[in-house]
Amino acid sequence: MYDLIVVGGGPAGLTAAIYAIRKRLNVLLVSKDLGGKTNFRLELPGVEDYQVVRGLEIVGKFRAELEYLDFARHMEPVDRISRHQDGFAVHARRGGGLLAKAVVVASGTTHQRLNVPGEKELLMRGLCYSAISYAPLFIDKTTAVIGDGDLALRSAAELSTVAEHVYVVGPRAGVLESTLGRKLKEAENVTILEGYRVIEILGEDYAERVAVQGPEGQEAEVSADGTFIEMALIPNSDMVAELVDLDTQGRIKVDGRNRTSVPGIFAAGDVTDTYAEQVLVAAGEGAKAALSAYEYLLPTL
Ligand SMILES: Cc1cc2nc3c(=O)[nH]c(=O)nc-3n(C[C@H](O)[C@H](O)[C@H](O)COP(=O)(O)OP(=O)(O)OC[C@H]3O[C@@H](n4cnc5c(N)ncnc54)[C@H](O)[C@@H]3O)c2cc1C
């Protein structure tokens, strides 16, 4: 039986695993990949991205260590986590329960796709997620934000403070009655395409235009230097949905020490209800979760 199993190999999981190794815990990281979302990076023609806070140095260091320590990692998706005697069983997809006294869940979120022509080909080439990360690159440029909820409004509002123009494709009338919605409606550099949907992303090497269709069936094209898909993130929390408390968005509820509602199960990073999807936040939360798990395990060591 392991002392600790960490599920997820993104910034949160990698940091948790390395902290646990430093504490000399018998730890296993179980993940589909190493690096998580840090494996994605927006490319734009002629743009240097030194203004983006990536946090990749620390993630790269921890990742390299886990790549070297092959006994401490197991590359396979996890379907479910259940109670097992005094600890937990982590059920990996190809079978076999991996047993641990404690678990850190750091499985991140899944981004919703548009499922339109051009999206797959141009993703990360002018078409991206995470305006919160990349807004500083769009000073005096034209941008498009696609999404119908609060995340789209938040992203559009941030971009409108730096970009020459922002097109917001798809927000619903109700959402626009919020404080940010009203601000966007009044902003001179924002055009809201209410109720429109995207039908294609167009461009040669990079996304250059967004083809949209209005509620009456009318079609139009919007040109943009950068296009962001900002639809609600889906937390990868299914594996513990029947075990720990989730919030209304499906995120794992944690306290200030990254404890979930079940003693022995900890969680960190984007899969939790902690504020802000950022690499350095996830890494910090991963460190806290590992230290918290260590405190929990100490009487058994
Ligand atoms: C395109 C893009 C660009 C971004 N750019 C930046 C940036 O420049 N700066 C910044 O600070 N933030 C950026 N972010 C946000 C940042 O990447 C995330 O906040 C951060 O990676 C979250 O870390 P995490 O470890 O919580 O989750 P993730 O990085 O999502 O990692 C989750 C891990 O869990 C694994 N996993 C998921 N489900 C399972 C399962 N069932 N079984 C086993 N393993 C599983 C995944 O394979 C992955 O290894 C960006 C996000 C995106 C999408």
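Here are some friendly notes on this predicted model, going from the whole chain down to one pair of helices.

1. **The chain as a whole.** Start by zooming out. The protein chain holds 7 helices and 17 strands. Its radius of gyration is 21 Å, close to the 19 Å that the globule rule gives for 301 residues, so the chain is as compact as a globular protein of that length. Along the principal axes, the C-alpha atoms fill a box of roughly 65 × 40 × 35 Å.

2. **Two domains.** Domain 1 covers 2-110 + 233-300, and domain 2 covers 119-229. Notice that domain 1 is written as two stretches of the chain. The C-alpha centres of the two domains lie 31 Å apart.

3. **Where the domains touch.** How many residues of domain 1 are in contact with domain 2? There are 11, and they meet 11 residues of domain 2. On the domain 1 side, the touching residues divide into 6 nonpolar, 1 polar and 4 charged.

4. **The place of the ligand.** Why does the ligand lie between the domains? Domain 1 and domain 2 both give residues to the shell around the ligand, so the ligand lies between them.

5. **The shell around the ligand.** Now look at the ligand's surroundings. Of the 38 residues around the ligand, the ones that come nearest are Gly8, Gly10, Gly36, Gly108 and Gly269. By class, the shell has 16 nonpolar, 16 polar and 6 charged residues. Helix H1, strand E2 (27-31) and helix H7 each supply at least two residues of this shell.

6. **How H1 and H7 cross.** For H1 (residues 11-22) and H7 (residues 279-297), the axes come within 7 Å and cross at roughly 35°. The crossing is right-handed.

7. **Who meets whom.** Finally, pick out the side chains at this crossing. H1 brings residues including Pro11, Leu14, Thr15 and Tyr19, while those from H7 include Val279, Glu285, Gly286 and Leu291. Several alanines take part too, among them Ala12, Ala16 and Ala20 in H1 and Ala282, Ala283 and Ala287 in H7. By class, the contact of H1 with H7 has 14 nonpolar, 3 polar and 1 charged residues.

Terms used
Residues are numbered from 1 along each chain as its sequence is written. This is a predicted model: local features need pLDDT of at least 70, side-chain atom pairs count only at pLDDT 80 or more; totals for chains, interfaces and linings use all residues. Axes are lines fitted to C-alpha atoms, for helices over the stretch in contact, and angles run from 0 to 180 degrees between N-to-C directions. Helices (H or I, at least four residues) and strands (E, at least two) are DSSP runs, numbered from the N terminus. A crossing is left-handed if the near helix is turned anticlockwise from the far one by less than a right angle, and right-handed if clockwise. Two residues are in contact if their C-beta atoms, placed from the backbone, lie within 7 Å. Ala, Val, Leu, Ile, Met, Phe, Trp, Tyr, Cys and Pro count as nonpolar, Asp, Glu, Lys and Arg as charged, and the others, Gly among them, as polar. A residue is near a molecule or strand if its C-beta atom, placed from the backbone, lies within 6 Å of it. Domain bounds come from an automatic or database domain assignment. The radius of gyration is taken over C-alpha atoms; the globule rule is 2.2 Å times the number of residues to the power 0.38.
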